[in-house]
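I opened my notebook to look up a few residues, the ligand site and the core. My entries follow in the order I made them.

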Amino acid sequence: MKPPTIAIVGAGMGGLAAAASLRRIGLEVAVYEQARQFTRLGAGIQIGCNAMHVLRGLGLEALLRAETFYPRSWNNRDARTGEVLFDMVFGPQAEAKYGAPYLLAHRGDLHAALASTVPPDIVHLDHRLEGLEPRRDGTRLHFANGRTVEADLVVGADGVNSVVRAALFGADAPRFTGRIAYRTVYPAARLDGFDMGDCTKWWGEDRHIVMYPVKPDRSEVYFVTSQPEPGFDLESWSARGDVATLRDAFAGFHPDVQRVLAACPDVHKRPLVDRDPLPRWAEGPIALLGDACHPMTPYMAQGAAMAIEDAAILSRCLDGVERDGVTAALARYERSRQPRTARMQLTSRANAWGKGVTDTDWVYGYDAWTAPLAD
Ligand code: FAD
């Protein structure tokens with residue numbers, strides 16, 4: 001038995017979840033990340049029950065429950081009148097129904113939790129992939145720092161502008177939605193006792209804002225917007241936004257929103273992009289995972305969840321597979337994942353999740369450890 005050696009490109013949520021899932025079945029993995037260090041991004045992240053199934057399997061449930069907020073629901077309200085459009089109930093009710101909790105986290109806490117599941121010495125920072133070279137047995141990876149490595153199998157978990165994706169299927173830019181996300185995390189003490197609720201999406205005509213606490217004691221709060229802003233398209237997690245511009249953009253919204261925006265010290269902003277579903281994710285011994293193959297708008301809060309699900313399914317497809325079985329296993333992984341993520345991309349793009357009565361079972365009721373694999 002000769003198990004394949006695996007190189008994962010990208011140490012985001014998807015790459016780390018893949019590393020942990022593949023190590024769980026005894027495979028040898030190395031992760032290559034372009035960043036020189038991990039930074040704690042000021043952002044929140046919703047962890048759907050479906051993602052929690054996978055994270056539980058990686059041993060992270062207790063840690064995440066201890067560090068995150070457990071919401072009663074995701075409440076959807078009209079931005080002007082405050083009318084409740086749909087209260088998507090979570091808490092114990094959804095946990096009983098879907099078999100795992102719905103949690104609201106600081107993005108940095110989820111990333112750190114995932115990083116804690118793999119030995120630090122398998123994550124190689126300051127390794128920006130520049131190119132892939134097919135070899136008789138596997139692939140050679142070329143990095144900007146001059147290093148090259150070889151692996152039997154390459155997983156491209158390198159995000160929306162994936163170099164691996166470009167190498168396999170050609171380079172093209174993602175689709176800009178015309179919307180910008182402003183976001184920030186700040187201490188709840190700045191709200192002077194005001195209760196922003198458990199998780200609320202305020203729906204306006206052409207814009208919205210989502211807000212929730214990210215700590216169990218509600219000590220830190222987060223919001224993220226989607227709004228038109230012509231002329232801004234710098235894709236970066238670190239670009240700063242102007243708080244006054246943000247407040248103006250939501251001037252007509254409910255007083256609760258004004259309160260949260262008034263307390264906000266600073267913001268970051270980034271354009272929202274997605275892609276049409278990609279029909280192919282794998283070519284020979286190379287496969288894509290996460291935003292590299294199915295970037296989506298954040299309107300269902302499922303992008304990272306899909307990357308995390310991918311990781312579990314990839315490991316199941318590779319379980320017990322020898323080197324000469326890699327191509328078939330990756331094709332099976334693609335067939336098992338593509339329909340679900342394509343549906344998620346297109347449903348998310350419509351931005352109607354939770355605006356009215358919504359069937360949530362197909363999203364949160366999925367357990368990647370037990371879901372049927374494609375033939
Ligand atoms: P990324 O997180 O983009 O990670 C890719 C990694 O690869 C990065 O570390 C990058 O530095 C590295 N990399 C890139 N190129 C190279 C290279 N050439 N060589 C080496 N390394 C490279 N999802 C949810 O599930 N819930 C939410 O609540 C949620 N909210 C969101 C809110 C906003 C505003 C946005 C924009 C997205 C949100 N998402 C959410 C989606 C989620 O952030 C993404 O789907 C998720 O981060 C994808 O993970 P990934 O690992 O595939 O890619």
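**Entry: aspartate 126.** I started with aspartate 126, which counts as partly exposed because its relative accessibility is 34%, and buried would require under 20%. I keep in mind that this is a predicted model. I found aspartate 126 in the loop between strand 7 (123-124) and strand 8 (129-135). I also looked up its backbone angle. Aspartate 126 has a positive phi of about 60°, although it is not a glycine.

**Entry: alanine 301.** I turned to another residue with a positive phi. Alanine 301 is not a glycine, yet its phi is positive at about 55°. I located alanine 301 in the loop between strand 19 (286-288) and helix 9. Is alanine 301 buried or exposed? I noted a relative accessible area of 17%, so alanine 301 is buried.

**Entry: the ligand.** Next I looked at what surrounds the ligand. There are 29 residues around the ligand, and Glu33, Gln46, Arg107, Leu129 and Asp291 come nearest. I sorted the shell by class: 14 residues are nonpolar, 10 are polar and 5 are charged. Helix 1 (13-24), strand 3 (44-47) and helix 9 (303-318) each supply at least two residues of this shell. Which helix gives the most to the shell around the ligand? I wrote down helix 9, with 3 residues.

I then checked contacts between the ligand and the backbone. A polar backbone atom of glutamine 34 is 3.1 Å from a nitrogen atom of the ligand. For leucine 129, a backbone N or O atom lies 2.8 Å from a ligand nitrogen atom. For alanine 304, a backbone N or O atom lies 3.0 Å from an oxygen atom of the ligand. How much of the ligand's accessible area does the protein cover? On its own the ligand has 1,000 Å² of accessible area, and the protein covers 87% of that.

**Entry: the core.** In soluble globular proteins, nonpolar side chains tend to be buried together. Here the largest nonpolar core has 104 residues. Ile8, Ile47 and Leu55 are among the residues with the most contacts inside this core. Helix 9 gives the most to this core, with 10 residues. I followed up isoleucine 8. Leaving aside neighbours within four places in sequence, isoleucine 8 is in contact with residues including Gly15, Ala18, Leu22, Val31 and Val155. I also noted a second, separate core of 23 residues, which includes Ile180, Ala188, Phe194 and Leu261.

**Entry: arginine 340.** I looked for arginine 340 and found it in helix 10 (residues 326-350). Arginine 340 counts as buried because its relative accessibility is 11%. What does arginine 340 touch, not counting residues up to four places away in sequence? My list reads Asn50, Met306, Glu309, Trp362, Val363 and Tyr366.

**Entry: alanine 368.** I ended with alanine 368, in the segment after helix 11 (361-364). Alanine 368 has 0% relative accessibility, so it counts as buried. Leaving aside neighbours within four places in sequence, alanine 368 is in contact with Val54, Glu309, Ala312, Ile313 and Arg316. I checked one of these partners by distance. Arginine 316 and alanine 368 are 52 residues apart along the chain, and their C-alpha atoms are separated by 9.1 Å.

Note on methods: Residues are numbered from 1 along each chain as its sequence is written. This is a predicted model: local features need pLDDT of at least 70, side-chain atom pairs count only at pLDDT 80 or more; totals for chains, interfaces and linings use all residues. Side-chain values use heavy atoms; hydrogens and water are left out. A residue is near a molecule or strand if one of its heavy atoms lies within 4 Å of it. A polar contact is a pair of N or O atoms within 3.5 Å; within protein, one must be able to donate a hydrogen and the other to accept it, and residues adjacent in sequence count only if both atoms are side-chain atoms. Accessible areas come from the Shrake-Rupley method with a 1.4 Å probe; for residues, only the protein chains shown count as cover. Helices (H or I, at least four residues) and strands (E, at least two) are DSSP runs, numbered from the N terminus. Ala, Val, Leu, Ile, Met, Phe, Trp, Tyr, Cys and Pro count as nonpolar, Asp, Glu, Lys and Arg as charged, and the others, Gly among them, as polar. Buried means under 20% relative accessible area, exposed over 50%, partly exposed in between (1.4 Å probe, protein chains only). Contact means heavy atoms within 4.5 Å. A nonpolar core is a set of buried Ala, Val, Leu, Ile, Met, Phe, Trp, Tyr and Cys residues joined through side-chain atoms within 4.5 Å.
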